[in-house]
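Me: I have a model open and want to go through it piece by piece. Can we start with the cut-off for burial?

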Amino acid sequence: AAVCVWETAVVTSVSPFPRSSYSGSARPAHSPARDSELSGRVLAVAQELLDKLGMEGTVQCRVRSDDGAERLWVEIESKDSGLLIGDRGSTLRAFEHILHLLLRSSVGESVRVSADVNTYRLHHAEALRRQARDASERVRTTGRAVVLEPMEAPDRRIIHVALADDRSVRTESRGEEPRRRVVVRPRDPLA
């Protein structure tokens, strides 16, 4: 069953979702009619993709504003969440990528869209922020750098943003994909 909820929310905290790197030309001005039509199309394409994968679920489409950039969020509630999320969110990222390609083909322009299943990304982002705070505390306690496990760019970004205002540590990414890691170091007291 598909339900479209029209909602604009200004997100004041760090988004658990990766920002799009799409930097194409500006989209046409939004109008309620165009936005409603677009969100309806996103909803239909997402539900069709879910159906073709042979998975049951409820799809909702919401419009949210994050850092001034409007994006459509496809939220899926499903008993098949483990299959839809995959190992560390890999299947969810693939679902989102395929959805983006289908929408670009269907609508004729790039559509800023993110997908989530049973609030996985929200919970995953909070776990990463906890991990960042724990690493920061270990650095303050020991005075030594803490190297986190390899993670993908969106997850590394959450760590960097979570510690950006922490004056006692600094973060950097080291290594090559897919083994790239965040290193949390003591901040130079003279900096």
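Reply: Buried means under 20% relative accessible area, exposed means over 50%, and partly exposed is in between. The model is a predicted one.

Me: Then where does D166 fall, buried or exposed?
Reply: D166 is buried, because its relative accessible area is 18% and the cut-off is under 20%.

Me: Where is D166 in the fold, and what does D166 touch?
Reply: D166 sits in the loop between α5 (153-162) and β7 (169-174). Leaving aside neighbours within four places in sequence, D166 is in contact with S136, R140 and R187.

Me: Back up a bit. What is the average pLDDT?
Reply: The average pLDDT is 82, and 79% of the residues score at least 70.

Me: Where does pLDDT stay under 50?
Reply: Over residues 1-33. The model has 65 contacts beyond four places in sequence for that stretch. Where pLDDT is low, the predicted coordinates should not be read in detail.

Me: OK. How many helices and strands are there, and in what order do the elements run?
Reply: The protein has 5 helices and 8 strands. From the N terminus on, the order is β-β-α-β-β-α-α-β-α-β-α-β-β.

Me: How much of the protein is buried?
Reply: Of its 191 residues, 38% count as buried. The exposed surface comes to about 10,800 Å², with carbon and sulfur atoms supplying 51% of it. Among contacts between residues at least 6 apart in sequence, 60% join residues at least 24 apart.

Me: Core next. Which residues of the largest nonpolar core touch the most other members?
Reply: V42, L72, V74, I76, F95 and L99, out of 25 residues in that core. At least two residues each come from α1 (32-52), β3 (58-66), β4 (69-77), α2 (81-85), α3 (90-107) and β5 (113-117). The largest share, 7 residues, is from α1.

Me: Take L72. What does L72 touch?
Reply: Not counting residues up to four places away in sequence, L72 touches L38, S39, V42, C61, R62, V63, V111, R112, V113 and S114.

Me: And I76, buried or exposed?
Reply: I76 lies in strand β4 and counts as buried, at 2% relative accessibility. Beyond residues up to four places away in sequence, I76 touches L50, T58, V59, L84, F95, D116, V117 and N118. The C-alpha atoms of I76 and N118 are separated by 6.2 Å, although these residues are 42 apart along the chain.

Me: Change of topic. What span should α4 have, and how far apart are its end C-alpha atoms?
Reply: Helix α4 (residues 120-142) has 23 residues and should span 33 Å at 1.5 Å a residue. Its end C-alpha atoms are 33 Å apart, so the two agree.

Me: Which residues in α4 are buried?
Reply: Y120, R121, A125, L128, R129, Q131, A132, A135, S136 and V139. An α-helix has 3.6 residues a turn, so residues three or four places apart point the same way.

Me: What follows α4?
Reply: G143, which has a positive phi near 75°.

Me: How many salt bridges does a search of the whole structure find?
Reply: It finds 12. R170, E172, R174 and R185 are linked in a network of them.

Me: How far apart are the atoms around E172?
Reply: The side chains of E172 and R170 meet at 2.9 Å, N to O. E172 also forms a salt bridge with R185, where the closest N and O atoms are 3.2 Å apart. E172 lies in strand β7 and R185 in strand β8 (residues 181-186), so this pair ties together parts that are 13 residues apart in sequence.

How values were computed
Residues numbered from 1 in each chain as written. Predicted model: local features only at pLDDT ≥ 70, side-chain atom pairs only at ≥ 80, totals over all residues. Heavy atoms only, no water. pLDDT = per-residue confidence, 0-100. Contact = heavy atoms within 4.5 Å. Core = buried A, V, L, I, M, F, W, Y, C linked by side-chain atoms within 4.5 Å. Buried < 20%, exposed > 50% of the residue type's maximum accessible area, 1.4 Å probe, protein only. Helix = DSSP H or I, 4+ residues; strand = E, 2+ residues; numbered from the N terminus. Areas by Shrake-Rupley, 256 points an atom, 1.4 Å probe, with all protein chains shown as cover. Expected span 1.5 Å × (residues − 1). Salt bridge = Lys/Arg side-chain N within 4 Å of Asp/Glu carboxyl O.
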